[in-house]
Amino acid sequence: MASGNWSFPCSPRNPAKVREELRVLRSLIPHWRARDMVWSPRSGVQLEFGRRLRASGELPSAGPADASGKRDGLRFQRQAAHVSDENLRWTARARWGTYRFFGFVLTDRDGFAALTPAGERFLDSRRPGDVLLRQLLKWQY
């Protein structure tokens, strides 16, 4: 048996949020590149991503429709009325760590945030559960 510590990310706590939050991230990436903003606390991208995540929390999920055409209705609830900028940056970094763990994002050689091919597949797939399962099967220590 392997020894040592290991961890599994649990933020966000609802796996359905990973896909929705990656959509938010994907929408921001081209704007950051155009403004030459790398993934760094000093560049402002983490705060911008945290704020956008916060704003997206009030919207119903745009997730896939079921056979009847009805959306899943997933809502992201806010935990507090006010969150500091530092906490929003931390949230962005925590989410980034989860996405990186699953192999959905990376920072390219120039330091820009980018989706991996697996991240793109996860967002564009009709069967995102299969993509997530495949990524989990790749995870090993």
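The buried residues of helix 1 are Lys-17, Val-18, Arg-19, Glu-20, Glu-21, Leu-22, Val-24, Leu-25, Leu-28, Ile-29 and Trp-32, where buried means under 20% relative accessible area, exposed over 50%, and partly exposed in between, with a 1.4 Å probe and protein chains only. Helices (H or I, at least four residues) and strands (E, at least two) are DSSP runs numbered from the N terminus. This is a predicted model, in which local features need pLDDT of at least 70 and side-chain atom pairs count only at pLDDT 80 or more, while totals for chains, interfaces and linings use all residues. Residues are numbered from 1 along each chain as its sequence is written, and side-chain values use heavy atoms, with hydrogens and water left out.

The buried residues of helix 1 pack against helix 2, helix 3, strand 1, strand 2, helix 4 and helix 5, contact being defined as heavy atoms within 4.5 Å. The end C-alpha atoms of helix 1 are 30 Å apart, which agrees with the 28 Å that its 20 residues should span at 1.5 Å a residue, the expected span being 1.5 Å times one less than the number of residues.

Leaving aside residues up to four places away in sequence, Trp-32 touches Leu-25, Met-37, Trp-39, Val-45, Glu-48, Phe-49, Phe-112 and Ala-113.

Charged side chains also join these elements. The count comes to 10 salt bridges, each being a side-chain nitrogen of Lys or Arg within 4 Å of a carboxyl oxygen of Asp or Glu. In one of them the side chains of Glu-21 and Arg-95 meet at 2.7 Å, N to O, and the pair links distant parts of the chain, with Glu-21 in helix 1 and Arg-95 in helix 3, 74 residues apart. Glu-21 is buried, at a relative accessible area of 4%, and Arg-95 is also buried, at 12%.

Another salt bridge joins the side chains of Arg-33 and Asp-108 (2.3 Å, N to O). Because Arg-33 lies in helix 1 and Asp-108 in the loop between strand 1 (105-107) and strand 2, this pair ties together parts that are 75 residues apart in sequence. Arg-33 counts as partly exposed, at 38% relative accessibility.

Beyond helix 1 comes Asp-36, whose phi is positive, near 60 degrees. Asp-36 is placed in the loop between helix 1 and helix 2 and is exposed, with a relative accessible area of 58%. Within helix 2, Gln-46 counts as buried at 2% relative accessibility. Not counting residues up to four places away in sequence, Gln-46 touches Trp-39, Ser-40, Pro-41, Leu-88, Arg-89, Ala-92 and Arg-93.
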